[in-house]
Amino acid sequence: FPYFVHLICEKTLWSWFSDPVRSISKTDPKHYETGLKEASQSAAPELKEPYEEAASKYALDGEMIVWALATGDLLEKQIKVIHKDFIQLYESDLAVCRPKKCLNQSQISARLGLFLTPTYGSMVKRPRRSYYTFTEKRMRGYARLRAELRGIQLRPDHPLIRLP
């Protein structure tokens, strides 16, 4: 989303510009990491607040459910695909982010049902039976930004891009 490209680039360049020992011709990974962190902190409140509401209710697995919905190139996902993506994230190398137990499909469905409610930020909607999507498309981008900030690499959001 252009919103996030602009925000991350702006924060990365300000990080580089504020660095007293910067290289004149290039940025370093530390500038990008600082840019990601600052972009996440300064994102629009209508993105940040619902994410925090949903993710904070269930410690790490709430955030991982949001990431499972955001990974890949599908904007609307069926619950069985979300569950498969959740398992894939759970089994990947997430040393600091892994919940204590892997959730089954019905537990994920129940949590997503709660994410539909205002108490949990209303960040998810159900366009049809057993399908879920974000209420706002930028929310998906924010979820991907937060995953990247935690060192989690989600699948690309374009169908022609494949990770090695």
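This is a predicted model: local features need pLDDT of at least 70, side-chain atom pairs count only at pLDDT 80 or more; totals for chains, interfaces and linings use all residues.
User: Which residue in the hairpin of E2 and E3 takes a positive phi?

Analyst: The hairpin has two residues between its strands. The positive phi, near 65 degrees, belongs to Ser 130.

User: Which strands stand at the edges, each with a single partner strand?

Analyst: The open sheet has three strands in the order E1-E3-E2, with antiparallel pairing. E1 and E3 pair over two bridges, and Lys 77 has Tyr 132 as its bridge partner in E3. One side of each edge strand is left without a neighbour in the sheet, because each has a single partner strand; these are strand E1 (77-78) and E2.

User: How do H5 and H6 stand to each other, by the class of their angle?

Analyst: Helix H5 (residues 79-91) and helix H6 (residues 105-115) pack with their axes 9 Å apart, at an angle of about 110 degrees. Axes are lines fitted to C-alpha atoms, for helices over the stretch in contact, and angles run from 0 to 180 degrees between N-to-C directions. Angles under 35 degrees count as roughly parallel, over 145 as roughly antiparallel, 65 to 115 as roughly perpendicular and the rest as oblique. H5 and H6 are therefore roughly perpendicular.

User: How many nonpolar residues does the contact of H5 with H6 have?

Analyst: Contact means heavy atoms within 4.5 Å. Ile 79, Lys 80, Ile 82, His 83 and Phe 86 in H5 meet Gln 105, Ile 108, Ser 109 and Leu 112 in H6. Ala, Val, Leu, Ile, Met, Phe, Trp, Tyr, Cys and Pro count as nonpolar, Asp, Glu, Lys and Arg as charged, and the others, Gly among them, as polar. Three residues of this contact are polar and one is charged; the nonpolar ones number five.

User: Is Asp 19 buried or exposed?

Analyst: Asp 19 lies in the loop between helix H1 (2-18) and helix H2 (29-41). Setting aside residues up to four places away in sequence, Asp 19 touches Lys 30 and His 31. Buried means under 20% relative accessible area, exposed over 50%, and partly exposed in between (1.4 Å probe, protein chains only). Asp 19 has 9% relative accessibility, so this residue counts as buried.

User: Which element gives the most to the largest nonpolar core?

Analyst: A nonpolar core is a set of buried Ala, Val, Leu, Ile, Met, Phe, Trp, Tyr and Cys residues joined through side-chain atoms within 4.5 Å. The largest one has 39 residues, and those with the most contacts inside it are Tyr 51 and Leu 112. Elements giving two or more residues to this core include H1, helix H3 (45-57), helix H4 (59-70) and E3. The most, seven residues, come from H4.

How values were computed:
Residues are numbered from 1 along each chain as its sequence is written. Side-chain values use heavy atoms; hydrogens and water are left out. Helices (H or I, at least four residues) and strands (E, at least two) are DSSP runs, numbered from the N terminus. Two strands pair if DSSP finds at least two bridges between them.
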